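Subject: Structure for your review

Dear colleague,

I am handing over the structure below, and would be grateful if you could read it alongside the notes that follow.

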Amino acid sequence: MGIVTGAGFSGVAGVLLRRAGQAVGVAVLVASLCFLVVRQLPGDAAFRIAAGRYGYDLVDQQAADAVRAELGLDRPAWRQLADWLLALGQGDLGTSLVTSASVAQEVGYYLLGTLQLGAVALVLAVALGGALGTLAARRPNGLLDRAVDGWVASVRALPPFLLGLLLILVFSVHLGWLPAVGHGDGVSVVLPASTLAIGLSGLFARVTRDTVVEIQRSEHVRFARTKGLGARLVLVRHVLRNAGVVLVPYVGVQAVTLIEGVVVVESLFGWQGLGHALVHAVFWRDVPVLQAAALVLALLVVGINTIVDLVGLWLDPRPRGRAVVS
Amino acid sequence: MTRMKRIAVVIATVICGTGCAAPAAERGSGANSHDDVLRVAGPFEVHSVAPAESSGLFTRLEVAETLVSSDLEGDLEPGLSADWTESADGRSWTFELPDGVTFHDDTPVTAEAAVESLQAASAEAASPLSAAPIDAIAADGDAVRIDLDKPYPSLPAVLTHYSTVVLAPGSYDEGRVTQVIGTGPYEIEEVELPARVEVTRFDGFRGDAPAIERISFQAVARAESRALMAISDQADVVFGLEPSGRQRVDESDAATMVSSLQPRSLMMKVNMQDPILEDARVREALSLALDRESMADAVLREEDLAATQLFPPSLSAWNQPDLEPLDHDEEAADALLDEAGWQEGADGVRAKGGDPLQLTLTTYPDRPELPALATAIQAELKEVGVAVDVDVTNSSEIPARHADGTLQLGLLAKHLALVTDPLVTAAETFAEQGSDWGVMGWRNDEVAEAIDDLEEGTDEATAAADRAVIATLAQQELPLIPVAWYRMNAAVSTHVDGFVMDPLERTWHLSQASWAS
């Protein structure tokens, strides 16, 4: 037992160290790239920021000049970037150029929205896709398997925008069960999360089915059956655990694309999330918010990969390299 | 809705997602129940609670009040100040404050508090108050006195603008507004920027108590989503519907459309120093080539919104009923362009000395009809051999390209009465040195004289003559080519009575609405 724990610890520490190094590198790179890309965009940043602040009825030369003076936009580019990096080193993300609110607070608010939406969508997608995939795997090429194939193809083919509108029409307009838009109360997350989840569930069902079929044919599962374990126990103890090793990294990849790909769904359902923040920050040249949002997304990718590594380590029944040697 | 019901709804959705049939629920029992909260939805997001940056949401929700207010016709009426007087030389104004009135945090409304708010507004470059010739703003007993460098009769009108609201000292933290503590009939209950604001009736309001106790505002960016909310009883008042959404509301029993002609004109700003556009014949040809009625019908779904002149009829003092209306005449346009030396080329685009008659039209998507209108203009001008590139970009590109002189044509939606008195906007629009959202490189001595005259204050007959001079010369020389007028609309639930629409968008007058019995 002691040997196993030691091996587990060094595995975990290795994962954490490697990922922490990655996180710092990614942070600096992403933030600097963001800054450079925004500098290259056409248009005068002071005017864009003024338009974001005051709206199109009030944006004019005076407002833009005032913004330029207030924010020191005349400073050379390298100094603006250096100032930002220095502040970041001290844990300060700065203030939004448009709303003058603290960026950490603002991005935190949108991040929470995206995480809520993403988490609910992921749970729904895994539950729906996993269940369909497992059911389909019970009899490969059977009727149910073919039906699931049909489901996979049709939900992959539906763009989220259209699927979202369909869901609104059915559940909100015709049945009147769920609010079409909104953010804050528990029910309003259902439609946007379902839109994302239904789209994702197809792939989950496909991958689950293939993995489960493959594992069911493997020798250790045959052995478990031979030694007299019931079908349910075999599924839970041997098939699903092994399937998890393949599926968890896959869920990780999907989680990353999910968080980056919620822009359309967020805007359709009026959900306040990072996608919304990013689009506005680009439109208004709100560089600190853009940098922080991109930074958070990059760190999120690193974070999710770390969790995937750790969960994989925990799930994988095969002993790890050094543990076997020692 | 109970917790169990919510869970049931979630489970039902999941089951339906798997393709199984689910029993139908009774309509109106779940998401659509309104309790006693009036739900308002609109496209406007709020990025900050600072008055100038709030897009006027807090005056629309009647949380904060300006010293002066206006009625539905745009005439001034008392706001927080019941009475104001102008000194004999017109260089000092005194605004009385009511006795015994408190802010929402129960602190008294004092002249000092009002002075602090107004000084903050006058220091804000985006506020119209910063353009007024103010010498000093000071407390004078229980009143606020504003001293001016020169007479400025429009001052009370400027003080109707939402950037000049009076807030309690507790609203400020280190000079910035961090919360909105006003004096209106509603007080803030919760603000979740940028999309949600909830207000509740303020019991200490000095006037009549509103019938509706609570209002929640939700910003919804997509017009499709807003239309669905209106017809499925998920919002009681929905602002800014597109033509297709309006049609859906018209066909439904849940809501009715309310609209009012706004003092806003959709127009093309013309760079008068552009080598092509400095020629009056070219400008007139561009104007003649536009079939405004068809465009208004196709894009705004209302033929009557085709502009016949710059000032819409809702600005009755400025609209000139006798002015020769803008006409559509392709042949005349062709003849003018021929005369100006632009000969038809082989590819259908006119040219002069080898240079094609090509123009860039800059516009922005904040008002959804603008890009559609821009492409319609592109198609109309192609008919007379003018090639137009449409550039849909950020709204700030119009002032930015004005500043660096690269703008040729800009399609914009100009609010002509930002501060109730259209003179303030008109003076800025026709400023001799040019204006970001007005003329570019155009000066006309008669117009300048008329504006000076109006700004200094004159008798009504002379003022009317001055306004006619401005409107007529603008129509003749076309430094701004009017395209269409604008109608603001809202879908109002049949549950709501007494909703009225302010064409100036200053307030939504929800304190006067009530639940239908």
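A crossover is called right-handed if, with the strands pointing away from the viewer, the path from the first strand over the helix to the second runs clockwise. Helices (H or I, at least four residues) and strands (E, at least two) are DSSP runs, numbered from the N terminus. The model is predicted, so that local features need pLDDT of at least 70 and side-chain atom pairs count only at pLDDT 80 or more, while totals for chains, interfaces and linings use all residues. Residues are numbered from 1 along each chain as its sequence is written, and chains are lettered from A and ligands numbered from 1 in the order in which they are written.

With those conventions in place, the β-α-β unit in chain B can be described. S17(B), helix H10 (residues 369-383) of chain B and S18(B) make up this unit, and its hand is right-handed. Strand S17 (residues 358-363) and strand S18 (residues 387-392) of chain B run parallel and are joined by six bridges, with B:Leu361 standing opposite B:Val390 in S18(B). S17(B) is also joined, by two bridges and again in parallel, to strand S19 (residues 409-415) of chain B, where B:Leu361 stands opposite B:Leu409.

These strands belong to an open sheet of ten strands in chain B with mixed pairing, in the order S10-S11-S12-S1-S13-S20-S14-S19-S17-S18, where two strands count as paired if DSSP finds at least two bridges between them. Its edge strands, each pairing on one side only, are strand S10 (186-192) and S18 of chain B, and the twist averages 25 degrees from one strand to the next. Elsewhere in this order, strand S1 (residues 37-42) and strand S13 (residues 237-239) of chain B run parallel and are joined by two bridges, and B:Val40 stands opposite B:Val237 in S13(B).

Chain B also holds an open sheet of four strands, in the order S4-S5-S7-S6, whose pairing is antiparallel. Strand S4 (84-86) and strand S6 (134-140) of chain B are the edge strands, each pairing on one side only, and here the twist averages 15 degrees from one strand to the next. Strand S5 (residues 92-96) and strand S7 (residues 143-148) of chain B pair in the antiparallel sense over five bridges, and the bridge partner of B:Trp93 in S7(B) is B:Ile146.

As a whole, chain B has 14 helices and 22 strands. Its radius of gyration is 25 Å, which agrees with the value near 24 Å that a compact globule of 517 residues would have; the radius is taken over C-alpha atoms, and the globule rule is 2.2 Å times the number of residues to the power 0.38. Buried residues make up 49% of the 517 residues in chain B, a residue being buried if 20 or more other C-beta atoms lie within 10 Å of its own, exposed if 12 or fewer, and partly exposed in between, with C-beta atoms placed from the backbone.

In chain A, A:Val26 is found in helix H1 (residues 2-40), and A:Val26 is partly exposed because 18 other C-beta atoms lie within 10 Å. A:Val26 and A:Leu200 are 174 residues apart in sequence and 27 Å apart in space, C-alpha to C-alpha.

With kind regards

Technical notes
Axes fitted to C-alpha atoms, helices over the stretch in contact; angles between N-to-C directions.
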